[in-house]
Amino acid sequence: MTEPEDTESSEIAEFRREARAWIEANHPGDPGFKLPQSFLEVESDQQFDYLRDWQRKAYEAGYLGLDWPEEYGGGGRPGLQRVVGQEMARANTPFFVNTIGLQWAGPTILHYGTEEQKRRMLKPLLSAEEIWCQGFSEPGAGSDLASVQTRAVETGDGWLVSGHKVWTTIAHKAKWMILLARTDPDVNKYAGLSYFLMPMDVPGVTVQPLIKMSGEGGFNQVIFDDAPMPRDALLGELGQGWQVAMTTLLHERGAADGSGGAEIGSAGEGVRRVVELAAQVQRDGRPASEDPVLRDRLAELWIREEALRLGSQRARVEGLCRDRPLALRLMNKLVFSEFAQDLADLSCQLEGPAAQLWLGDANAPDRAEWPRAYMNSFGMTIGGGTSEIQRNILGERVLGLPKSK
Ligand SMILES: Cc1cc2nc3c(=O)[nH]c(=O)nc-3n(C[C@H](O)[C@H](O)[C@H](O)COP(=O)(O)OP(=O)(O)OC[C@H]3O[C@@H](n4cnc5c(N)ncnc54)[C@H](O)[C@@H]3O)c2cc1C
């Protein structure tokens, strides 16, 4: 197997060694309580504090925001954040709790923000002092995002927001929301949208928790009832919301460079864990890892995992993607989320009936992390644009097929 460090410059290899040593010395270890599997399921204060401390520590040590300019709190060393992401995945560190800030809001603010917005927002986002959520989806506007109905009505000194957002990950801990709202109902639906940096701690904002099929929280719906936003909450131009939101979605789907933290599809450690599981589980009195059918499936998943990792490396080399510049990048979210789902599915099959044992059951193999991952994997194939929508986009933008209606 080609390791990332096999082909890199001595400067990057040196940085990788430093990062690896720091991670080894500072890995926060097992907290002794149930951690969420991703930023999508952060529920209790205990989980949140542990994860926030980890992000702050990584930032203070100089391992977050490396690609961002120094004047906004970043490291000013473009290209190095990816190395940290790979090393953290290798060491199985906790994730960064402010993922929406690091991956979606931050890069969008860097792109469209005024100087004041960049100086005000980015540093506390990196240190996890201020958490971000995303207010795009509504009960009647998910895949069809341009149908957003939440209104932002201009007043003398800002806007008043009214409407209903749903599936709002981590809104219960957020200080800010990236908000897509309708500012002009009389023009076509795309031109009537604007994009805001909405404070969550103002009157008229109600956050209500939603519970997932795994029994875990992390999701919310957010009701706005004439909630005030200041004038400088607008990001980009009035009426430019659709364009700004598309930039956010490119980052959310892993199709753009420049996140402040870990990347989609960069884990690369999943199959190794399933191979270990297969060696522990018995089939007909022998380790399941000796079963040829299972070995075939593991090999197939390993090839997919390698293809993902190499594809994301290739996407960074312009000369290798000239024929279809967007193809690999646009495939990232679709391919990674479906791979993760298949991996969790195979692990549950390996565990057999024991996969029915749930969190907290002392007999559950691997502390029930695989059945939990399987349930959570459906969120990954839906959130940020469903697999069907991703296939539509690839069909239209990469293969040149006719537009879907
Ligand atoms: C774990 C998770 C976290 C999320 N976090 C956030 C968040 O923080 N902020 C936020 O704003 N939103 C969030 N979402 C919402 C997410 O973006 C939407 O769920 C997603 O865009 C789909 O919208 P919908 O649920 O309204 O489904 P719908 O749009 O109603 O789709 C229903 C079904 O119809 C299919 N479908 C719809 N249109 C088409 C079409 N044109 N062609 C083919 N098939 C189609 C879809 O693929 C899907 O299977 C999250 C969702 C999940 C699952």
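The radius of gyration is taken here over C-alpha atoms, and the globule rule used for comparison is 2.2 Å times the number of residues to the power 0.38. For the 405 residues of the chain this rule gives a radius near 22 Å for a compact globule, and the value computed for the chain, 22 Å, agrees with it. The structure is a predicted model, in which local features need pLDDT of at least 70 and side-chain atom pairs count only at pLDDT 80 or more, whereas totals for chains, interfaces and linings use all residues. Residues are numbered from 1 along each chain as its sequence is written.

Along its principal axes the C-alpha trace spans about 75 × 50 × 50 Å. The chain contains eleven helices and ten strands, these being DSSP runs numbered from the N terminus (helices, H or I, at least four residues; strands, E, at least two). An automatic or database assignment supplies the domain bounds, and the chain is divided into domain 1 (4–126), domain 2 (132–239) and domain 3 (264–398). The C-alpha centres of domain 1 and domain 3 lie 23 Å apart.

The ligand is surrounded by 21 residues, of which G142, S143, G379, G383 and T386 are the closest, a residue being counted as near if its C-beta atom, placed from the backbone, lies within 6 Å of the molecule. Two or more residues of this shell come from each of β1 (132–135), α10 (369–382) and α11 (387–398). Because domain 2 and domain 3 both give residues to the shell, the ligand lies between them. By class, the shell has six nonpolar, 14 polar and one charged residues, where Ala, Val, Leu, Ile, Met, Phe, Trp, Tyr, Cys and Pro count as nonpolar, Asp, Glu, Lys and Arg as charged, and the others, Gly among them, as polar.

Helix α7 (residues 270–280) packs against helix α9 (residues 327–351) at an angle of about 10°, with the axes 10 Å apart; axes are lines fitted to C-alpha atoms over the stretch in contact, and angles run from 0 to 180 degrees between N-to-C directions. The two helices are therefore roughly parallel, a term applied to angles under 35 degrees.

Definitions and conventions. Angles under 35 degrees count as roughly parallel, over 145 as roughly antiparallel, 65 to 115 as roughly perpendicular and the rest as oblique.
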